[in-house]
Amino acid sequence: MAVSLRSWVANEGGKHLVLMLWMGANTWLFLNTFLLYSTGQQYHYLYQMLGVGLCISRASASVLNLNCSLVLLPMCRSLLTFIRGVRMVSSRKTRRLLDKSKTFHVACGVAVCLFSVVHVSAHMVNMVNFSTSYSDDFPALNLARYRGEDPKLIILTTIPGVTGVLLVLILLLIFISSSYCIRVSNYEIFWYTHNLFIVFYIILMVHMVGGALKYQTNIEAHPPGCLRPNQSSMEQHVDLDQLEDDDGRCREDAHFEPHSPQTWLWVSGPLCFYCVERFYRYTRSSAPVTIVAVIRHPCNVIELRMLKKNFKARPGQYIVLNCPSVSSFENHPFTLTKCPTVKETFGIHLRVVGDWTERFTQLLLPQPRMDLEILPVVQQRTYPKLYIDGPFGGPSEEVFNYDVSLCVAGGIGVTPFACVLHALLDGWSRFRLQRLYFVWVCRELQSFYWFAELLCALHQKLWQENRPDYFNMKLYVSQTDNLQSMSEERFRPLASRLLVGRPRWKLLLDEIGKNNKHRRVGVFCCGPKGISRTLHRLCNSARSCGTTFEFNKESFS
């Protein structure tokens with residue numbers, strides 16, 4: 001049980017600590033604001049008019065301010081990459097927390113949606129109360145122009161009301177388009193609607209300009225509940241002992257002023273930082289990219305080799321690619337399968353799935369024209385213009401920071417580890433890593449040819465340097481229909497390690513644990529959810545060998 005607890009703390013402790021701090025901050029803000037508006041003397045008359053709806057609307061607004069500011073920070077990719085790269089600042093635990101930045105972004109987004117529902121519902125009640133509880137004694141407090149005014153008219157004729165409606169519509173579009181089914185079926189809808197956040201924040205800045213809610217400014221001269229001129233104590237039930245004046249009467253009429261907008265105090269800092277970061281990324285990505293080669297691989301996979309001046313990257317990082325000929329505003333992340341070294345070229349592998357990759361592949365490898373009467377002797381190939389943003393940090397960078405690492409890939413999910421294998425091929429002895437377990441699961445046998453030469457080259461190099469135990473490789477092919485073997489002589493090391501079926505993950509981790517007792521093993525996964533969920537669960541379970549498996553999952557922000 002102790003090992004199980006240690007494993008759980010290693011994998012989930014930091015994430016849950018941040019979650020508890022975040023939930024604690026939200027809870028404290030909500031309760032503190034609720035109590036302020038329910039018991040604060042400056043809101044006495046406004047609370048009498050609106051009731052608990054006032055407290056809930058303002059408390060939820062405070063939570064919204066916090067999360068609207070936090071939701072931007074996880075999307076500052078350059079900042080996260082910088083923190084990850086500064087070893088003097090960030091520990092391995094901190095860097096592993098940065099891998100959860102997308103999860104934190106989603107959590108803040110969900111909180112914005114939930115508390116927006118609470119905020120809007122409370123204000124709908126407030127609009128009704130403004131209409132029915134119209135105050136003749138304090139006209140400045142009224143948002144309605146007369147008693148019994150239609151609440152819908154109040155909403156549609158005030159700045160907070162109109163901007164609130166627009167904010168709800170934009171948020172609804174973003175929320176619906178962020179669902180998994182839409183992101184998978186039509187990524188363009190998700191991308192374009194998500195960029196409405198710019199309009200959202202602009203409208204949010206002016207949402208409070210109308211000054212719908214007002215507070216009392218002269219509490220000392222007019223204590224809440226004091227007797228106004230021509231008013232007896234029988235008309236107003238109040239404890240006269242609590243009043244400052246001997247006779248319990250007001251020295252002057254109550255004065256009210258709207259709150260100065262506070263949302264910009266919360267949002268302006270993160271928003272400005274995000275805009276600066278985006279501008280930096282725009283200028284960096286404007287540098288020209290030269291396509292060196294395009295290679296078609298089996299199973300509908302394209303390899304793209306490129307060259308860009310002053311481009312530097314580390315194994316495990318990814319880039320964001322933009323092709324204006326396909327879509328000017330659409331960007332897609334791809335893991336680097338080869339980092340720039342002496343030749344300064346870098347590469348990616350992409351699987352042709354979806355409209356964007358299909359159009360992009362057609363531009364890279366156009367079909368030969370059959371209607372030409374005279375074929376040219378030399379055909380000049382022209383490539384589309386590309387823009388590269390990045391590189392950005394990923395979980396696979398940490399492979400080298402463990403003594404023992406396990407890399408598990410499913411299909412095209414092998415791409416983060418291809419760059420790691422290239423780095424080991426260039427020189428494995430300069431890294432802390434002492435042993436690497438590599439498991440690659442594919443449906444089709446042909447998929448292994450994507451990196452067959454790389455795997456064989458690394459295997460041969462380690463054998464020549466008398467370290468065959470450094471790299472432990474297992475390949476699994478799950479589809480048995482028309483199965484053939486890798487009969488080529490040069491791929492014999494792969495054929496001998498090729499297994500049919502699916503891995504038995506528990507036995508695999510138990511075997512690794514027995515060979516690495518009382519050590520921390522980094523587990524890195526990039527593949528289908530079924531594999532990652534199974535590995536995640538097994539990494540948190542107890543083992544008699546005392547080995548701690550630290551789970552790391554690849555995901556793109």
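Let's start with a helix pair: α6 (residues 101-132) packs against α8 (residues 159-177) at an angle of about 150°, and their axes are 11 Å apart. That makes α6 roughly antiparallel to α8, a label for angles over 145 degrees. This is a predicted model, in which local features need pLDDT of at least 70 and side-chain atom pairs count only at pLDDT 80 or more, while totals for chains, interfaces and linings use all residues. Residues are numbered from 1 along each chain as its sequence is written, and side-chain values use heavy atoms, leaving out hydrogens and water.

**How the elements are defined**
- Helices (H or I, at least four residues) and strands (E, at least two) are DSSP runs, numbered from the N terminus.
- Axes are lines fitted to C-alpha atoms, for helices over the stretch in contact, and angles run from 0 to 180 degrees between N-to-C directions.

**The α6 and α8 contact**
- V112, C113, S116 and V120 in α6 meet V168, L171 and F175 in α8, where contact means heavy atoms within 4.5 Å.
- The residues of this contact divide into six nonpolar, one polar and no charged; Val, Cys, Leu and Phe are among those counted as nonpolar, whereas Asp, Glu, Lys and Arg count as charged and the others, Gly among them, as polar.

**The antiparallel sheet**
- Six strands form an open sheet in the order β3-β4-β7-β6-β5-β8, with antiparallel pairing; two strands pair if DSSP finds at least two bridges between them.
- At the edges are β3 (290-297) and β8 (387-392), each pairing on one side only.
- Strands β4 (residues 301-307) and β7 (residues 345-351) run antiparallel and are joined by seven bridges.
- Within β7, I348 is the bridge partner of L304.
- Helix α14 (residues 415-427) packs on this sheet, touching β6 (332-338) and β7, and its direction makes about 30° with that of β6.

**The parallel sheet**
- Another open sheet of six strands has the order β12-β11-β10-β9-β13-β14 and parallel pairing.
- Its edge strands are β12 (498-500) and β14 (548-553), and the twist averages 20° from one strand to the next.
- Seven bridges join β9 to β10, and G410 stands opposite V441 in β10.
- Helix α15 (residues 452-464) lies across β10 and β11 (471-477), running at about 150° to β11.

**Salt bridges**
- The structure holds 22 salt bridges, each a side-chain nitrogen of Lys or Arg within 4 Å of a carboxyl oxygen of Asp or Glu.
- One of them joins the side chains of D403 and R432 (3.1 Å, N to O).
- This pair links distant parts of the chain, 29 residues apart: D403 is in the loop between β8 and β9 (404-410), and R432 is in the loop between α14 and β10 (435-442).

Definitions and conventions: Angles under 35 degrees count as roughly parallel, over 145 as roughly antiparallel, 65 to 115 as roughly perpendicular and the rest as oblique.
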